[in-house]
Amino acid sequence: MNPETPVMVYQRLCALVQDSYGMFGEVLLHCVSTESEIQQNSEQLEGHVCLLQALRVIQRLTRDKCSLLFSMIDSLWPPPVDPKSHDDLLRSPSDRVPPPCFCYRLSIQLGHMVPLSGQTESPLYRPPVLQTLREILQDESSRRRCSFRATVVHKQLLSSNAGDREMLLFVTDPSLQREPNTDRNRRTIAVCLSSSCLIQSSVTQALDALRTQPVLMFRDAVEENAQIFCWEQTVIQLEPEDSSFSIPRPIILDHLGPETPPYTLCTVTGVVVAVDESTAFSWPTCSFCESCRLETREHQKGFLCLACGAVVDEPTTKMQLEVFLSCSSLSHCTVKIKLQQKTIKSLLNSTSCTEGYSVENLLGSEIGPLSVFVHVVNRSHTVWIGLEECDLH
Ligand SMILES: [Zn+2]
C-alpha cells in the first residue's frame with residue numbers, strides 16, 4: 001500500500017485521509033474507547049504522513065449518498081500543493097482537476113495506521129480554522145466545512161420521522177448576541193447532531209445538565225443554509241470556562257415572523273384565540289419520580305407509585321395544553337403552540353378558575369414573551385406555524 005497522508009483525524013474511530021494522488025478515503029479506526037485515547041490518537045495521526053496497512057474496503061461512497069462528506073472534501077479541494085511533487089499549484093484554475101466524485105470507506109485494525117518517523121506535518125494538511133457564528137452565517141458559499149466555539153442554549157430531541165436529524169442543539173456566541181438589534185439578525189443557530197455522530201461522555205453529561213449552558217468546541221462540522229450539521233467527522237469537545245467568551249443574559253432570541261423557517265428558536269407574544277381541546281389533559285404523577293403509574297391504596301390515604309415504590313400523599317398534577325394564538329406580527333398566520341406546565345398554570349391562575357378549566361375562560365388571555373421551538377411551518381395555502389414552548393435557563 002502506498003504511504004498516505006491523513007488530512008484530518010478525528011476522535012473515536014474515523015479519519016479522513018488523502019493519498020499522494022489526491023484521492024480521499026474515510027478510514028474507520030477501531031478500539032478507541034476513552035477520551036484520552038482519542039486525544040492521543042488525534043495528536044499522533046492528525047496532519048502527519050502515515051503508512052496504512054491491511055486496509056479493507058467497506059463501501060464506495062458517492063456524492064448523492066454522502067453529501068456531508070463531499071462538502072468536506074470540496075472545502076479541501078484543490079489541495080494547497082500538488083500532492084505528488086509538493087510544488088505550489090501555480091497553474092491556472094482551468095487546468096485544475098475537478099474534486100473527486102467518489103471515495104472509499106476503509107477499515108483498518110488499530111496499530112496498522114502508523115505515522116512515518118521523521119516526517120513533519122504534511123503540506124496537504126489544512127487545520128480547522130475557528131470562526132465566529134456571524135462569520136459562518138455571512139459566508140455565502142453553499143455547503144462547507146466550519147469550526148467554531150459556541151454556548152448551547154437549548155437541546156431539542158426530534159422524533160424519528162424527521163429523518164436522520166436526531167438532536168438539535170441551539171447555539172449562540174458573543175458575535176450573535178452582541179450585534180445591534182435589527183430585523184435581520186440571527187441570534188441562535190441550530191446544530192443538527194446526526195445519529196452517526198458519536199459524542200464524548202463529558203459532552204453528553206454537560207448536555208444532560210443543560211442548566212449550565214455549556215460552551216462546546218465544534219471542529220469540522222458542515223454549514224448549509226444557516227444550519228450546521230455534525231456527522232462522523234465532526235469533533236465536539238467541552239470547553240473550559242472562559243470569561244472572554246461570556247454572552248449577555250438573558251439570551252436574546254429572534255422574534256417569530258412570517259418568514260421564520262422551521263427548526264429555529266424564537267420568542268413569541270400573542271393572545272389565545274382558540275384551544276385545541278383534544279390536546280387538553282391533566283393527570284396525577286408521583287411527586288418523587290414523575291411516573292404516572294399510581295395505584296390507589298386499599299383503606300388507606302394516598303397512592304402507591306408502581307415505578308419507585310413510594311407512597312405518594314399528594315400527587316403532582318401534570319398538564320398538557322395546546323392553544324391557538326393571534327400575534328400582531330403574524331396577521332395572516334395560524335399559530336399553534338404546545339405550552340409548558342408553568343405557562344398553563346399561570347394561565348389558569350390568571351383566569352381565576354379553580355375547578356378544572358373551561359375553554360372560554362382562557363380565550364383572550366395574553367401570553368408571552370415565550371421562548372419557543374418552531375417545529376412545523378406549512379406555507380401551502382395560508383401560513384401555519386407549529387410551536388413548542390421551551391424552557392431556557
Ligand atoms: Zn415514583
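This is a predicted model: local features need pLDDT of at least 70, side-chain atom pairs count only at pLDDT 80 or more; totals for chains, interfaces and linings use all residues.

Student: Which residue in β19 is the bridge partner of Leu304?

Tutor: That's Val311.

Student: And what is the strand order in the open sheet of three strands?

Tutor: The order is β17-β18-β19, and the pairing is antiparallel.

Student: OK, on to the metal. Which residues are the protein donors of the zinc ion?

Tutor: Four cysteines, each through SG: Cys286, Cys289, Cys305 and Cys308, lying 2.3 Å from the zinc ion. Along the sequence, these donor residues follow the spacing C-x2-C-x15-C-x2-C.

Student: Which parts does the pair Cys286 and Cys308 tie together?

Tutor: Cys286 sits in the loop between β16 (264-285) and β17 (294-296), while Cys308 is in the loop between β18 (303-305) and β19 (311-312), so the pair ties together parts 22 residues apart in sequence.

Student: What's the geometry of the zinc site?

Tutor: Tetrahedral, with angles of 105 to 114° among the four donor atoms. For reference, the ideal angle for four tetrahedral donors is 109.5 degrees.

Student: Is Cys286 buried or exposed?

Tutor: Buried, because its relative accessible area is 1%, and buried means under 20%. Cys308, on the other hand, is partly exposed at 39%.

Student: What about Ala54, where is that?

Tutor: Ala54 is in the loop between β4 (50-52) and β5 (56-62). Its phi is near 55°, again positive in a residue other than glycine. Ala54 is exposed, with a relative accessible area of 56%.

Student: While we're on the backbone, what joins Trp77 and Pro78?

Tutor: A cis peptide bond, with omega about -5°. Pro78 lies in the loop between α2 (67-75) and β6 (102-108). There's also a cis peptide bond from Arg249 to Pro250, where omega is near -10°. Pro250 is in the loop between β14 and β15.

Student: Switching to charges: how many salt bridges are there?

Tutor: The count comes to 18. One of them is between the side chains of Arg149 and Asp242, at 3.3 Å from N to O. That pair links distant parts of the chain, with Arg149 in strand β9 (residues 143-157) and Asp242 in the loop between β14 (235-238) and β15 (254-255), 93 residues apart. Asp242 is partly exposed, at 33% relative accessible area.

Student: What does Asp254 meet in a salt bridge?

Tutor: Arg186, side chain to side chain, at 3.9 Å from N to O. Here too the pair links distant parts: Asp254 is in strand β15 and Arg186 in the loop between α4 (174-177) and β11 (189-194), 68 residues apart. Asp254 counts as buried, at 13% relative accessibility.

Student: Which residues do salt bridges with shared partners join into one network?

Tutor: Glu26, Arg105 and Glu232.

Student: Last one. Where is Ser147 found?

Tutor: In strand β9, and it counts as buried at 1% relative accessibility. Its side chain reaches the backbone nitrogen of Asp220 at 3.0 Å.

Student: What else does Ser147 touch?

Tutor: Leaving out residues up to four places away in sequence, its contacts include Pro128, Leu130, Ile136 and Phe218.

Note on methods:
Residues are numbered from 1 along each chain as its sequence is written. Side-chain values use heavy atoms; hydrogens and water are left out. A salt bridge is a side-chain nitrogen of Lys or Arg within 4 Å of a carboxyl oxygen of Asp or Glu. Helices (H or I, at least four residues) and strands (E, at least two) are DSSP runs, numbered from the N terminus. Buried means under 20% relative accessible area, exposed over 50%, partly exposed in between (1.4 Å probe, protein chains only). Donors are N, O and S atoms within 2.8 Å of the metal (3.2 Å for Na, K and Ca); water is not among the atoms, so sites may look incomplete. Four donors count as tetrahedral if all angles lie between 85 and 135 degrees; four count as square planar and six as octahedral if opposite donors are over 155 degrees apart and all others between 65 and 115; anything else is irregular. Two strands pair if DSSP finds at least two bridges between them. Contact means heavy atoms within 4.5 Å. A polar contact is a pair of N or O atoms within 3.5 Å; within protein, one must be able to donate a hydrogen and the other to accept it, and residues adjacent in sequence count only if both atoms are side-chain atoms.
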